[in-house]
Amino acid sequence: MSTATAPAPAPAEKKKDKPHQSDRAVAENKLGMKLVAPALIVMLFVTAFPMLQALWLSLSNYALTAPDDRSFVGAQNYVTALSDPLFWRTMLVTVGIMVVTVFFELVIGFVFAIVMHRVVFARGIIRTSILIPYGIITVVSGFAWQFAFSGTNGFVNYWLPFVEDNFNWFGEQFPALFAICVSEIWKTTPFMSLLLLAGLAQVSEDMVEAAKVDGATWWQRLWKVILPNMRAAIMVAILFRALDAFRIFDNIFVMTAGAVNTESVSFLTYRQVIEQFQIGMGSALSVLLFLSVLVIAFLIVKLFRVDLAAARQEG
Amino acid sequence: MRGPGRRIGVAATLVLAASTLSACSSSDKPTLNWYINPDGQDTLNALAERCSTDEYDIAIQLLPTGATDQRTQLARRLAANDSTTDLMSLDPVFVPEFANAGWLLELPEEVASAVVDDDVLAGPTDTVTWDDKIYAAPQWANTQVLWYRTSLAEAAGIDDALQEGTATWEQVIDAAAQNDATVGVQADRYEAYMVWINALIQGAGGDIVSDTEAGVDAQVDIDSEAGRAAAAVIQQLADSGAAQSDLSVSREGTSLGAMFGPGSPGEFMTNWTFVYKNYEPSDTNTVVDAEQFEDLSWARYPRTVADEESKPPVGGINIGVGAYTENPEFALEAAQCVTDEDAQRDLAVNEGLMPARASVYDDPALTEAYDASLLELFRESVEEGGPRPKSAFYNQISGAVQSVWHSPFDVNQDTPAESAQFLEDVLQGRALL
Amino acid sequence: MGNSPLRKAGIAVGALLILTWCLLPVAWIISLSFKSQESITNGNPGFLPGDGTFAGWDNYVAAWDNEQFRRAIFNSIGISLIATVLSVIIATLAAYAIARLEFKGKKLVLTTALAIAMFPVVSLVGPLFDMWRAIGLYDTWAGLVIPYMSFTLPLAIWTLSAFFREIPWEMEQAAQVDGATSWQAFRKVIVPLAAPGVFTAAILTFFFAWNDFVFGISLTSTEAARPIPASLSFFVGADPFNRPASLLAAGAVIATIPIIVIVLVFQRKIVAGLTSGAVKG
């Protein structure tokens, strides 16, 4: 959950000022740069710098348990990773989780947003409770659902019809992925619904009313008026949530630890570095993971024609 | 503060916050950190206190539950040349890897001869030896036996075979299936599943790998008759009505409840020595009543094939001394103290963790706490058990085997061949694990 | 038509659905935390504790008595607060400049922040682990605070610049015209206007830092710095062979209390911050 806000476009209040004297503009330019410098330096220090380090490490065969055997291997780690079925299997699982969770979050989140938009009573209670899944630690959500799906101590099997009481959700790939997705969707749908609610508030009531007067059904109003006007909100929400879902790690770690083919690319990378101490291969996977995020971001932006300017506060 | 290296490159306030936290006592008396796994915490705490002297204190630090997690935590500290890791409780399978990476202090001759003298059982002695040198002191030895209910074995008519130690997995599984009972094993994707697979293969006279001194070039033997015999057992259980519903995520703890489940005839369960203490009724333990406990019985680990003695799994804990400790003299002294006869006796009596020394099995405190036949069975199992591969790359070997053999529902006669190929690829760095 | 009973009923059902969705798992984990540990070992299915398996506060007492757990709470509070304060200070400077000044590279800052917010944190684990152990930051508070900046700082910059954009900065000049010194104008006019935004950004940043798991498990190895989520995942009960589900649930509830309190008290601010102009225009 590392995408929280996509704040507003800049009102160009500076334009109200009198035309600057040029030295004042220079001074302002200087001050601005000074003020943003710490932020820029810190951000680059904590990401770009380690990423370059990863790029360098990924070119060696380097395991911490055999530090004397370190050697330069060029692109060998990338070749091994990209030709390994395990890498592609985790990629498929990750993309699958991403598509499924984002889809359901969008649909359920939209329903929630409409309810919250219309509801008149208990508004405060609903808005407060919707923040609870958002605030809860992902690890806790993972545990809660893992135990809920447990055959020995949970309740899901007893509540669901057509499911045997001792059914083992974590014994096979699809049931286990289902449980993981439930935890993920539960926790992040509220955030999605708040984003959509903000978008819904932008849709002009007059337009909806006008459509109604023209005899449009509820369904037509939804598809012809409301959704097109929320387009920007929906696209930004999809972009942020998709990239966040692609990084899925916590729920998998807690609920299956990657067993029964539920491993994500993030989890695979983590295991190479932290459990196998294969710093070289782990770094290569880190770089590949980073590139995958870039590709997915690019695809979503192109495919859905997301207006990045809106997301980048430039209006 | 932990050392000058810790301060580099950070805002002073942050370091202050971090280092005041880790600052220990103000006196000059050093504190030795002993990283323990969570079995037998109460006794180990008492032990740490007993073995603290006027010259140093021993402080207990708790590691996570799983063997793999424990290894990860320790290895990360040692890879960072941590000088505060003085003593550590090590699963035997990780001694070669740690020794090979230079993370363990080699025990000097006089200490080595004291901690692995003739009294120490052969299995544990073997696990602390790497490259003909001694790298740790055996503290306790673990082994698995078959736990079951007498009433169930009698109903199934395999009581005699069990008592003679000739019962096979096939017989046990059939007996359970025909009596609506189950068979409890450990087949989640974790170390204890490797323990099961290894015991099955060794029980059929085979090995997962051999020539392990060759490191990544070790000989992979899993694709063999023995490997297929082991796969057949797992396949039989997975396909049988005797499989527990959570077979693919079963761990040491998950099958305990099936033994005396209400309205059920019980189970046959291969599990470690702690099971006895787990069920034994006492003021604080009311899991089962005295009558049920009376029904509990035990036998040697089942055979994989009828004409070959079983090779019960062996485990336990060895105490290693960190290579970067600032107080090697004290740490070596403490390592001897926490593995002495008294320590081994207390662990056995209080916690159900069996001694690594033969003489302790005859200690009056043990003979009073345990049934004589059970003690004899434990000692015999540790002595005749089959160790897991001793390799500096054990973690990769274990991970590769688990990866192919999990889920147990997918194991078939092709599994050993597939597993051999994958294991070779992993060791040679050709495949991701 | 707009207020037909049918529609009202639909909204009511929807509202009920939302409440169930949000609160059921929370109720479940609370219920689980009251099941006795022995009953968990032998299987205790069902939503509520079965007959005779109600443990009272035992699990809470046991969780709280766990030294590692208490240390983890302390670590989490400390590390998250430091990361929050540092991020908010640095972000306030940047957001002020972005909202108020014309300068070259404004776009660059925002684009960088956006890109870094989408960064896969696991990618950083390998290189950071390798660097931290070399320079002695491994398993320290600072060793977590620094990588936390990779996601708290972009978040704080985005939230704050959205808020600062809404502030009528002209009022500062107006106050100065009315005879206030520039310091007075800043303190009396701008600070009260900006404070709520800064505060909201701080809450959101704190949530994120509190939630971190990847760095927490990768860059620590003892309770010297291990935060709550990592500690929960390594939670060890009296019985080493069983995951102590009910004890863990009690620990999870304790770890969630601070979040619930913050949500209850600052609900309005958080919603505003989360969606602050998320999609305006």
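**Close-up views of a predicted model**

**View 1. A nonpolar surface patch that includes Val100(A).** Val100(A) belongs to helix α3 of chain A, which covers residues 85-118. In this predicted model, Val100(A) has a relative accessible area of 35% and is therefore partly exposed.

**View 2. The largest nonpolar core, with residues from chains B and C.** This core holds 283 residues. Those that touch the most other members are Phe98(B), Leu162(B), Trp196(B), Phe268(B), Trp405(B) and Leu232(C). With 16 residues, helix α7 of chain C (residues 141-165) is the element that gives the most to the core. In chain B, residues come from both domain 1 (27-142 + 316-376) and domain 2 (143-313 + 388-427), so the core lies between these two domains.

**View 3. Contacts of Trp196(B).** Neighbours within four places in sequence are left aside here. Trp196(B) is in contact with Trp169(B), Val185(B), Gln186(B), Ala187(B), Ile234(B), Leu237(B) and Tyr301(B).

**View 4. Ser31(C) in helix α1 of chain C.** The helix covers residues 5-32. Ser31(C) has a relative accessible area of 6% and is therefore buried. Beyond its neighbours within four places in sequence, Ser31(C) is in contact with Phe47(C), Leu48(C) and Pro49(C).

Key: Residues are numbered from 1 along each chain as its sequence is written. Chains are lettered from A and ligands numbered from 1 in the order in which they are written. This is a predicted model: local features need pLDDT of at least 70, side-chain atom pairs count only at pLDDT 80 or more; totals for chains, interfaces and linings use all residues. Side-chain values use heavy atoms; hydrogens and water are left out. A nonpolar core is a set of buried Ala, Val, Leu, Ile, Met, Phe, Trp, Tyr and Cys residues joined through side-chain atoms within 4.5 Å. Buried means under 20% relative accessible area, exposed over 50%, partly exposed in between (1.4 Å probe, protein chains only). Helices (H or I, at least four residues) and strands (E, at least two) are DSSP runs, numbered from the N terminus. Domain bounds come from an automatic or database domain assignment. Contact means heavy atoms within 4.5 Å. Patches are made of residues with over 30% relative accessible area and no salt bridge: like charges are joined within 9 Å, nonpolar side chains (Val, Leu, Ile, Met, Phe, Trp, Tyr) within 5 Å. Accessible areas come from the Shrake-Rupley method with a 1.4 Å probe; for residues, only the protein chains shown count as cover. A salt bridge is a side-chain nitrogen of Lys or Arg within 4 Å of a carboxyl oxygen of Asp or Glu.
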